[in-house]
Amino acid sequence: MSTKDLDLYLNDHLAGSVGARELLSHLMKTYHGGPWETFFAEMDREIETKQETLRDLMRRIGVTESSVRQTAAWVAEKISRLKLGLGVSETDPMGLFESLESLVLGTFGQHALWVALGKVAPRIPSWAGVDFERLSREAKALSDRVED
């Protein structure tokens, strides 16, 4: 794997987390005051923590964050609202269903990220000591909670 490939891969996952957090922000506003808001806020905190871990790993190997990819993720999330129907009503079960499906896919992708990085970590000395198994377990648990 080339350094450029790894740069793109890490930036793609970082952009995905930006999009997920945008979606969660919107969902927290849509479901303000109810149990869904609490669920989405907890999920946002977990993703934020993993986002910072990913940023730290990127810094350790000199990967620059791609503002273009992050902006594209931000824009894509806004466009997805048209398809998901978010903003129409908090009583729209299909919009919530599709939002949750998107979050399941994203959190499963996060799980796959940590598994993959755990495989290449032995080749990257600056990643020594990072518990990729724990990160992958936590991401899988988050994905399972969203799916449930």
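Me: In which helix is Asp 44 found?
Reply: Helices here are DSSP runs of H or I with at least four residues, and strands are runs of E with at least two, all numbered from the N terminus. This is a predicted model, where local features need pLDDT of at least 70, side-chain atom pairs count only at pLDDT 80 or more, and totals for chains, interfaces and linings use all residues. Residues are numbered from 1 along each chain as its sequence is written, and side-chain values use heavy atoms, with hydrogens and water left out. Asp 44 sits in helix H2.

Me: Is Asp 44 buried or exposed?
Reply: Buried means under 20% relative accessible area, exposed means over 50%, and partly exposed lies in between (1.4 Å probe, protein chains only). Asp 44 has 11% relative accessibility, so the residue counts as buried.

Me: Which residues is Asp 44 in contact with, leaving aside neighbours within four places in sequence?
Reply: Contact means heavy atoms within 4.5 Å. With those sequence neighbours set aside, the partners of Asp 44 are Arg 21, Leu 24 and Met 28.

Me: How far apart are the closest N and O atoms of Glu 48 and Arg 21?
Reply: A salt bridge puts a side-chain nitrogen of Lys or Arg within 4 Å of a carboxyl oxygen of Asp or Glu. Glu 48 and Arg 21 form one, and their closest N and O atoms are separated by 3.9 Å.

Me: How many residues apart are Glu 48 and Arg 21?
Reply: Glu 48 belongs to helix H2 (residues 35-60). Arg 21 belongs to helix H1 (residues 3-30). The pair links distant parts of the chain, at a separation of 27 residues.

Me: How many residues apart are Arg 60 and Asp 56?
Reply: Their side chains meet in a salt bridge of 3.0 Å, N to O. An α-helix has 3.6 residues a turn, so positions three or four places apart point the same way. Arg 60 and Asp 56 both lie in H2, about one turn of the helix apart, a spacing of four residues.

Me: Which helix holds both Glu 138 and Arg 134?
Reply: Glu 138 and Arg 134 form a salt bridge, 3.0 Å from N to O. They are four residues apart, about one turn, and both lie in helix H5 (residues 132-147).

Me: Which residues do salt bridges that share partners join into one network?
Reply: The shared partners tie three residues into one network. They are Arg 21, Asp 44 and Glu 48.

Me: How many salt bridges does the count come to?
Reply: Side chains of opposite charge can pair when their charged atoms come close. Under the 4 Å rule, the count is eight.

Me: What does H2 reach from its first C-alpha to its last?
Reply: H2 has 26 residues. The expected span is 1.5 Å times one less than the number of residues, here 38 Å. The model comes close to that, with a reach of 38 Å.

Me: What pattern does the protein follow along the sequence?
Reply: The protein has five helices and zero strands. Read along the sequence, the pattern is α-α-α-α-α.

Me: What percentage of the residues is buried?
Reply: The protein has 148 residues. Among them, the buried share is 42%.
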